Amino acid sequence: MTFSQTHLLGIEHLHPLEITTLLDRANAYAEAERGRRDHGQPLKGLTQINMFFEASTRTQASFEIAGRRLGADVMNMSMAASSLKKGETLIDTALTLNAMRPDLLVVRHPHSGAVKLLADKVNCAVLNAGDGRHEHPTQALLDALTIKRAKGRLHRLVIAICGDIAHSRVARSNIHLLGKMENRIRLIGPPTLIPAGAADWGVEVYGDMAEGLKGADVVMMLRLQKERMDGAFIPSEREYFHRFGLNAEKLGHAKPDAIVMHPGPMNRGVEIDGTIADDINRSVIQEQVEMGVAVRMAAMELLAENLRKRRNMGAA
Amino acid sequence: MTNALLRNARLIDPEAGTEGLGWLRIEGGRIAETGLGPRAGGMDCGGACLAPGIVDIGVKVGEPGERHKESFRTAGRAAAAGGVTTMVTRPDTATPIDTPEVLEFVTRRAGQDADVKVRPMAALTKGRAGREMTEIGFLMDAGAIAFSDGDAVCADARVLSRCMTYARSLGALIIGHPQDPVLSSGAAVTSGKFASLKGLPAVSPMAERMGLERDLALVEMTGVRYHADQITTAAALPALARAKAAGLDVTAGISIHHLTLNAFDVGDYRTFFKVKPPLRDEDDRMAMVEALRTGMIDILCSMHTPQDEESKRLPFEAAASGAVGLETLLPAALRLYHAEALSLPELFRAMALNPARRLGLEQGRLAVGAPADLVLFDPDVPYVLDRFTLRSKSKNTPFDGQRMQGQVLRTWVDGNLVHDRNAKTSA
C-alpha cells in the first residue's frame with residue numbers, strides 16, 4: 001500500500017508512487033463502472049459532506065456521484081448562501097461541521113490555502129476540490145488518468161497547457177503532477193496570463209501557439225476565467241481567440257495523434273473552436289468527465305482506508 | 001536610582017563605531033562618565049554588552065480604539081524587555097491620530113502607563129485619507145515628532161506636494177511608505193515563482209521603486225525632510241543613492257523582518273509571515289543587509305504591528321498584515337551579528353543612533369551628557385522562542401518556535417531600571 005496521506009490537499013506533496021496507486025485504483029473503478037459491476041460499498045456507513053464556498057456544478061456532482069456509488073451518505077452544503085453571510089469564520093464553520101462527525105469533507109474555497117487551514121482543524125479526511133488559484137488535485141488526477149488511457153503511458157510526453165495559466169488552479173496541479181511523472185511541459189499563453197516566475201518552474205514558456213504546439217502529444221486548453229479578472233489582461237475575446245483559441249489550423253502543429261483536453265466548462269469560440277471540442281477523434285473532454293468520477297471514488301476510498309486505520313489505532 | 005556605576009561591561013559605542021570592555025557611570029539620569037578597562041565598585045555586568053537603548057520608529061500601539069491588541073502598558077513592558085527605550089508610535093490607529101486632541105490623549109495615556117519613552121507621530125492627512133492635510137502646526141506644538149499616513153499611500157500627488165510644501169515651512173519630518181498604491185493593491189506576497197505556485201495575489205518588487213521615485217521627485221520639488229519607512233528591494237536603492245548624493249534631506253529605514261526572513265518563509269500559508277510590504281526574495285534580503293552596513297539604509301526598526309488571533313486565523317489573502325517586534329528586534333538583529341554580516345556598533349548605529357539623530361533626540365548614544373537610556377544584553381545565550389512568553393498583548397511573531405541567540409538582561413530609561421530579567425516579579 002503506497003498511499004499514506006491523511007488528506008488530499010494538493011499534488012505538490014504527493015509522491016509519484018502515491019499518484020500511481022491512485023491512478024491504478026481509479027482505472028479499476030473506471031473499468032468496473034463501464035462494466036456496470038458492483039463496487040461492494042466500501043464507503044458504507046461513512047458520511048461525506050461537500051462544502052462549496054464557490055459555485056460549482058460538475059465537480060460537486062462528480063464528488064456526490066462518486067460517494068454514492070461507493071455507499072457513502074452524501075450531504076451537499078452550499079456555503080455561499082450560508083453562515084459566512086452571518087459573519088462566521090472559516091475555522092468556526094469547520095469546527096461546527098467537525099462536531100457532526102463527518103468522515104469525508106470535500107471543500108472548495110475561493111482563497112488559496114483555505115482548504116489546508118480548514119484541514120488542520122478537523123479530524124476527518126479532507127479533499128481539496130479547488131482552493132483559489134492554488135490547487136485542484138482531483139482534476140489533475142483525472143487528467144492524468146485520461147492521458148494514460150489515451151496514450152498508454154504517463155511519462156515522456158510533450159504536454160502543452162494553453163491559455164489562462166495565471167488564474168488556473170488546474171494548471172498548477174497539472175504542472176506538479178505531470179512534472180513528477182517526468183513529462184515535458186509547455187505553457188502557452190499571452191504574457192499577461194503567464195504567472196510571474198513560471199519559467200523557473202521547470203517548464204517551457206511560449207507566447208505563440210504554433211511554436212508551442214509543435215510536436216505536442218497532449219493539448220490541454222484552459223478556460224478563460226472572466227470572473228477572476230479585474231481588467232486589462234487581454235484586449236478582447238476575439239483577439240484572444242484569434243491568437244490563442246484552439247482551431248484545426250493551430251492543432252495541425254501538434255502530433256497527428258495529439259489529444260485535446262479541457263477541464264470545462266468551455267467557452268466555445270473563446271479558447272476552443274466548437275468543432276474541435278466535439279471531434280471524437282481528437283477530443284477526450286467527455287472521457288475526462290467520466291474519469292473524474294472514477295478518480296474521486298479512488299481518492300475517497302484510499303483516504304477512508306487510512307482514516308479507518310488511524311481510528312482503529314486510536315481505539316486500541 | 002538614577003546614580004549608578006556599571007563595570008565590566010562590553011561598551012557598544014555606535015558613534016565611535018567601537019566596542020571594548022569598560023565601565024559607565026550614571027548620575028542624575030544621565031551618562032556622567034565612561035572609560036575602558038577595569039574599575040572598582042558598582043554593579044558587575046559580567047562582560048555583557050552595554051549599548052544605548054533602541055529608538056524604534058514605527059511602533060503601533062492599539063490606543064485609541066484597539067486596546068485589546070496592545071495598550072501602552074503592554075507595549076511599554078514589551079519595549080523594556082526588548083531593550084527599546086524610546087517608542088516612536090504610529091498614527092494608523094483605529095481612530096487615526098490626526099488632531100491635537102487625539103494626540104494629547106495618546107501623550108497622556110503613554111505618560112501614565114508606558115515604562116519607556118514615547119514620542120508620537122501624527123497623521124499627515126485627515127483620517128489618513130489622502131485628501132486634506134492635518135493641522136501640522138498645532139500637532140507639532142502638541143508634540144508630534146513626525147508625520148505619516150502609515151501604509152495608506154497618498155495617491156494624489158497634488159495633495160502630497162502641498163502637504164510637503166506646508167510641512168517644509170515648519171521643518172516637519174514626513175515619513176512615507178514607498179509603494180505604488182495601484183500596483184500593490186490587494187497583494188499579499190511578492191510576485192515570483194513561489195507566489196505564483198501558491199496562487200496568492202502578488203505585487204512586483206518594482207512597486208516600491210515606483211513609490212520611492214515619486215516621493216523623491218516631490219521631495220526635490222518641495223525641499224521637505226523625508227524618511228522612507230521601509231526600503232526592502234535592491235531595485236529601489238539606486239534612486240535612494242541618487243537622492244542622497246544630490247543632497248536631498250532623505251533617509252530610509254527597514255524592518256527587522258525584511259532583514260532576517262524571506263518570501264519562502266511564508267511556506268504553507270503561514271499568516272504570521274504576512275507583513276507590509278511583503279517579505280522579499282533572498283537576493284533582496286542580502287542586498288538590504290549590505291545596504292544597512294554601508295549606511296545607505298539608515299534605520300532598522302521593528303515595525304511592531306500587533307494583531308489578535310482572530311485576524312490571523314484566516315486564509316492568507318484575507319488575514320491581517322503585520323508582526324509584533326518590540327521584544328524580538330534585538331534578538332533577531334543579533335542573527336545578523338552572529339552571521340558576521342554586521343558588527344554590534346553597526347547594528348546600534350541603525351537601531352539607536354541614527355533614528356535618534358533623524359528625530360532630533362539626544363538619546364541613542366553612549367556619550368557623556370546623554371540620557372542614560374541603556375540596554376544590557378548577553379548576545380550569546382541560546383533559546384527557542386515561545387510566542388506566549390511575549391509581553392505584548394498580541395503574540396503574532398514570525399519567530400515563534402525559532403532558535404534565537406541573545407537576550408536582554410537589563411534596561412534603563414533615564415537611569416531608572418525598567419527591566420531586569422532576573423527580577424522575581426512576573427510581567
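Visitor: Which residues of α11(B) are buried?
Guide: They are B:L329, B:L330, B:P331, B:A332, B:A333, B:L334 and B:L336. Buried means under 20% relative accessible area, exposed over 50%, and partly exposed in between, with a 1.4 Å probe and protein chains only. Keep in mind that this is a predicted model: local features need pLDDT of at least 70, side-chain atom pairs count only at pLDDT 80 or more, and totals for chains, interfaces and linings use all residues. Residues are numbered from 1 along each chain as its sequence is written, chains are lettered from A and ligands numbered from 1 in the order in which they are written, and side-chain values use heavy atoms, with hydrogens and water left out.

Visitor: Why is α11 of chain B largely enclosed?
Guide: Seven of the ten residues of that helix, 329–338, are buried, so the rest of the structure largely encloses it. Helices (H or I, at least four residues) and strands (E, at least two) are DSSP runs, numbered from the N terminus.

Visitor: What comes just after α11(B)?
Guide: B:E340, with a positive phi of about 60°.

Visitor: Switching to sheets. What is the strand order in the open sheet of chain B?
Guide: β9-β10-β13-β14-β15, five strands with parallel pairing. Strands pair if DSSP finds at least two bridges between them. β9 (147–148) and β15 (299–301) of chain B are the edge strands, each pairing on one side only.

Visitor: How many bridges between β9(B) and β10?
Guide: Two, in the parallel sense, with β10 of chain B covering residues 173–176. B:F147 sits opposite B:I174 in β10(B).

Visitor: Which helix packs on that sheet?
Guide: α6 of chain B, residues 206–222. This helix touches β10, β13 (225–228) and β14 (250–255) of chain B. Contact is heavy atoms within 4.5 Å. The direction of α6 makes about 170° with that of β13(B). Axes are lines fitted to C-alpha atoms, for helices over the stretch in contact, and angles run from 0 to 180 degrees between N-to-C directions.

Visitor: Over to chain A. Which way do the residues of β5(A) point?
Guide: A:V158, A:A160 and A:C162 point one way, A:I159 and A:I161 the other, and all are buried. In a regular strand the side chains alternate between the two faces of the sheet.

Visitor: What does β5(A) pair with?
Guide: Five bridges join β5(A) to β6 (184–188) of chain A, running parallel. A:V158 has A:R184 as its bridge partner in β6(A). The chain gets from β5(A) to β6(A) through helix α6 (169–180) of chain A, in a right-handed β-α-β crossover. Right-handed means that, with the strands pointing away from the viewer, the path from the first strand over the helix to the second runs clockwise. β5(A) also pairs with β8 (218–221) of chain A, in the parallel sense over four bridges. There A:C162 stands opposite A:M221.

Visitor: And β4 of chain A, why is that one largely enclosed?
Guide: Seven of its seven residues, 125–131, are buried, so the rest of the structure largely encloses β4(A). Five bridges join β4(A) to β3 (104–109) of chain A, and the two run parallel.

Visitor: How many cavities of 30 Å³ or more?
Guide: Three in the whole structure. β10(B) gives the largest share of its lining, three residues.

Visitor: Is B:M303 buried or exposed?
Guide: Buried, with a relative accessible area of 12%. B:M303 has a positive phi of about 45° although it is not a glycine.

Conventions. On a 1 Å grid over the protein atoms alone, a cavity is a set of points where a 1.4 Å probe fits but cannot get out, and a pocket is an open set with protein on both sides within 12 Å along at least five of seven lines; lining residues have an atom within 4 Å of a point. Grid points are joined across faces, edges and corners, and a volume is the space filled by probe spheres set on the points.
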